Amino acid sequence: MTEWCVYIVRCRDRALYTGIATDVPRRFAEHAQDGGRGAKYLRGKGPLLLVYVRAIGSKDLALRVESRIKRLRKAQKEELVEQRLPLDSLIELTR
């Protein structure tokens, strides 16, 4: 079984982008390339910085955790990045 991860990227303007992938370094490289296979949202927002990665498990659970993170306020996402907000509490909410 392939392990899925949730990750957060910080943009030049301090915005946070959340995504999921099985190969985070490859996916981050795609985001960092202009006009590549990365997310449209991140185009022109570099330099990008990978600030958070956490292995989740199944794709289904990773999608639910990603959705939950995207609904957080910016301050809560910053707490997650700084590891002051435990991701486990978000995972439990998605089960």
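The model is predicted, so local features need pLDDT of at least 70, side-chain atom pairs count only at pLDDT 80 or more, and totals for chains, interfaces and linings use all residues. Residues are numbered from 1 along each chain as its sequence is written, and side-chain values use heavy atoms, with hydrogens and water left out.

Me: What makes up the secondary structure of the protein?
Reply: Four helices and three strands, in the order β-β-α-β-α-α-α from the N terminus on. Helices (H or I, at least four residues) and strands (E, at least two) are DSSP runs, numbered from the N terminus.

Me: Why is Glu78 called buried?
Reply: Buried means under 20% relative accessible area, exposed over 50%, and partly exposed in between (1.4 Å probe, protein chains only). Glu78 has 13% relative accessibility, and therefore counts as buried.

Me: Where is Glu78 found, and what is it in contact with beyond its neighbours within four places in sequence?
Reply: Glu78 is found in helix H3. Leaving those neighbours aside, Glu78 is in contact (heavy atoms within 4.5 Å) with Arg10, Arg14 and Leu16.

Me: How do you know that the buried residues of H3 line one face of the helix?
Reply: In H3 (residues 74–81), the buried residues are Lys77, Glu78, Leu80 and Val81. Seen down the axis of H3, they fall within an arc of 155°, so they line one face. The arc is that of the directions from the helix axis to the C-beta atoms.

Me: What puts the buried residues of H1 on the same side?
Reply: Helix H1 (residues 24–32) has Val24, Arg27, Phe28, Glu30 and His31 buried. These residues cover an arc of only 155° around the axis, so they lie on the same side of H1.

Me: What covers the buried residues of H1?
Reply: The cover includes strand S1 (4–10), strand S2 (16–21) and strand S3 (49–57).

Me: How do you know that the radius of gyration agrees with a compact globule?
Reply: The radius is taken over C-alpha atoms, and the globule rule is 2.2 Å times the number of residues to the power 0.38. With 95 residues, a compact globule would have a radius near 12 Å; the protein has 13 Å, which agrees.

Me: How many side chains count as positive and how many as negative?
Reply: The protein has 20 positive and 12 negative side chains. Lys and Arg count as positive, Asp and Glu as negative; His and the chain ends are not counted.

Key
The place of a charge is taken as NZ of Lys, CZ of Arg, CG of Asp or CD of Glu.
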